[in-house]
Amino acid sequence: MDHFAGLDVSVNETSVCIVDDAGGIIREVKVTSEPDALLEVLANPAYQFRRIGLEAGPLSQWLYSALAEAGLPVICVETRQMRAVLQAQINKTDRNDARGIAQMMRAGLYRPVHVKTLRSQKLRMLLTHRKLLQSKAIAIENDLRGTLRNFGLKVGMVGKVRFEARIKELVENLPDLAALVEPLLIVRRVLREQLAIVHRRLLAIVRDDGVCRRLMTVPGVGPVVALTFRATVDVPVRFRKSKSVGAVFGLTCAKYQSGEVDRSGAISRCGDEMMRTALYEAAQVMLTHSAKWSWLKAWAMQIARRRGMKKAIVALARRLAVIMHRIWVDGT
């Protein structure tokens, strides 16, 4: 007899539900959200598991890796689809969610999510930390600009290097304001220093990675975009067709069709937001900043003349994703 299991994972505890191939509940238990505790329940030789499902979440990669290494047929399920199925329940509890996940595994009503390798997870962490440091530094700079403007002190057009000197110049004769802005300047200085360290680490990784160097041959694609693409795609062979990469990143139009109604809307914006933003920025650089001419830029400019620059940038971002995936797969 085949068995199926559903895991409703939370930070501290995980609800486990095991059902047979007829849908009957065999066992329900709540254990700590640790691999050893889960294996103590699931590694029982009395169960012949076909599928074990858990929802994609903060702990899913860690638990998925541990269960997969133990030889269990674990599947990480796409969050939006699972939420839509479980919303049909009247009472939402961890126990009912585990039951619903187990029944989804039994019926095959799931969409698996690719769980990234350990190396891609580390690269992703590097990119996330870099983006966080950058956003906080920019937020402090914008706050200083806005608050000083209330006193008639205009920072003006100044680069990152001269920003601190310009602020001190403005408040030089105002000791009360100087005391207020000094803590923010100190925090900004530390953020910029650490951002430079993280960015140098990123450049060193890209320099030693042959895939990233090939991706950077595309106009508009720099080290950050190349490494983001490498960490997000992770395993290129998981895409059977390069054309599907754009859809996974949410760069294809959402479609609504019912009866006589058939329309295409804006892009779906599904998938990885960081990757979608990076591709959009790369396309924008190619069209508005890069002086190098290419057939790809000519193709996007034709779209810009017909549909506008914004739609041309989105179309170019989608095509960049397809081309970069093909470059990676072909080794060209």
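Colleague: Which residues does Pro 236 touch, not counting residues up to four places away in sequence?
Modeller: In this predicted model, Pro 236 sits in the loop between α9 and α10. Leaving out residues up to four places away in sequence, Pro 236 touches His 325, Trp 328 and Val 329.

Colleague: Does Pro 236 count as buried or exposed?
Modeller: Residues under 20% relative accessible area are classed as buried. Pro 236 has a relative accessibility of 15%, so Pro 236 counts as buried.

Colleague: Thanks! What is the C-alpha to C-alpha distance of Pro 236 and Val 224?
Modeller: Along the sequence, Pro 236 and Val 224 are twelve residues apart. In space, C-alpha to C-alpha, their separation is 18 Å.

Colleague: Staying in that loop, what is phi of Asp 234?
Modeller: Asp 234 is also placed in the loop between α9 and α10. Asp 234 is buried, with a relative accessible area of 8%. Although Asp 234 is not a glycine, its phi is positive, at about 65°.

Colleague: And is Arg 269 buried or exposed?
Modeller: Arg 269 lies in the loop between β7 (261–267) and α11. Arg 269 has a positive phi near 60° in a residue other than glycine. The cut-off for exposed is over 50% relative accessible area. With a relative accessible area of 59%, Arg 269 is therefore exposed.

Colleague: Let's turn to the rings. How are the planes of Phe 229 and Phe 249 arranged?
Modeller: The ring centres of Phe 229 and Phe 249 are 6.2 Å apart. Planes over 60 degrees apart count as edge-to-face. The planes of Phe 229 and Phe 249 stand at 80°, so the pair is edge-to-face.

Colleague: Where in the chain are Phe 229 and Phe 249?
Modeller: Both Phe 229 and Phe 249 are buried, and their pair links distant parts of the chain, 20 residues apart. Phe 229 belongs to helix α9 (residues 223–233), while Phe 249 is in the loop between α10 (244–248) and β6 (253–258).

Colleague: Which residues form one aromatic cluster?
Modeller: Two of the members are the edge-to-face partners Phe 229 and Phe 249. The cluster consists of Phe 229, Phe 249 and Trp 328.

Colleague: What type of aromatic pair do Tyr 47 and Phe 49 form?
Modeller: Tyr 47 and Phe 49 are both buried. Their rings are 5.6 Å apart, centre to centre, with 50° between the planes. This aromatic pair is tilted.

Colleague: How many charged residues are in the contact of α12 with α13?
Modeller: On the α12 side, the contact includes Trp 295, Ile 303 and Arg 307, and on the α13 side it includes Lys 311, Leu 316 and Arg 319. By class, the contact has twelve nonpolar and no polar residues, and the number of charged residues is three.

Colleague: How are α11 and α13 oriented to each other?
Modeller: Helix α11 (residues 273–288) packs with α13 at an angle of about 110°, with their axes 8 Å apart. The range of 65 to 115 degrees counts as roughly perpendicular. The two helices, α11 and α13, are therefore roughly perpendicular to each other.

Colleague: How many nonpolar residues are in the contact of α11 with α13?
Modeller: Among the residues making this contact are Leu 279, Tyr 280 and Gln 284 of α11, together with Met 309, Leu 320 and Met 324 of α13. By class there is one polar residue and no charged residue, and the nonpolar count is 15.

Colleague: Lastly, which residues of α2 meet α1?
Modeller: The axes of α1 and helix α2 (residues 60–69) are 10 Å apart and pack at about 45°, and the two helices are therefore oblique to each other. Pro 35, found in α1, is buried with a relative accessible area of 11%. From α1, Pro 35, Leu 38, Leu 39 and Leu 42 take part, and they meet α2 at Trp 62, Leu 63, Ala 66 and Leu 67.

Technical notes: Residues are numbered from 1 along each chain as its sequence is written. This is a predicted model: local features need pLDDT of at least 70, side-chain atom pairs count only at pLDDT 80 or more; totals for chains, interfaces and linings use all residues. Side-chain values use heavy atoms; hydrogens and water are left out. Contact means heavy atoms within 4.5 Å. Helices (H or I, at least four residues) and strands (E, at least two) are DSSP runs, numbered from the N terminus. Ala, Val, Leu, Ile, Met, Phe, Trp, Tyr, Cys and Pro count as nonpolar, Asp, Glu, Lys and Arg as charged, and the others, Gly among them, as polar. Rings of Phe, Tyr and Trp (its six-membered ring) pair if their centres lie within 6.5 Å; planes under 30 degrees apart count as stacked, over 60 as edge-to-face and the rest as tilted. Buried means under 20% relative accessible area, exposed over 50%, partly exposed in between (1.4 Å probe, protein chains only). Axes are lines fitted to C-alpha atoms, for helices over the stretch in contact, and angles run from 0 to 180 degrees between N-to-C directions. Angles under 35 degrees count as roughly parallel, over 145 as roughly antiparallel, 65 to 115 as roughly perpendicular and the rest as oblique.
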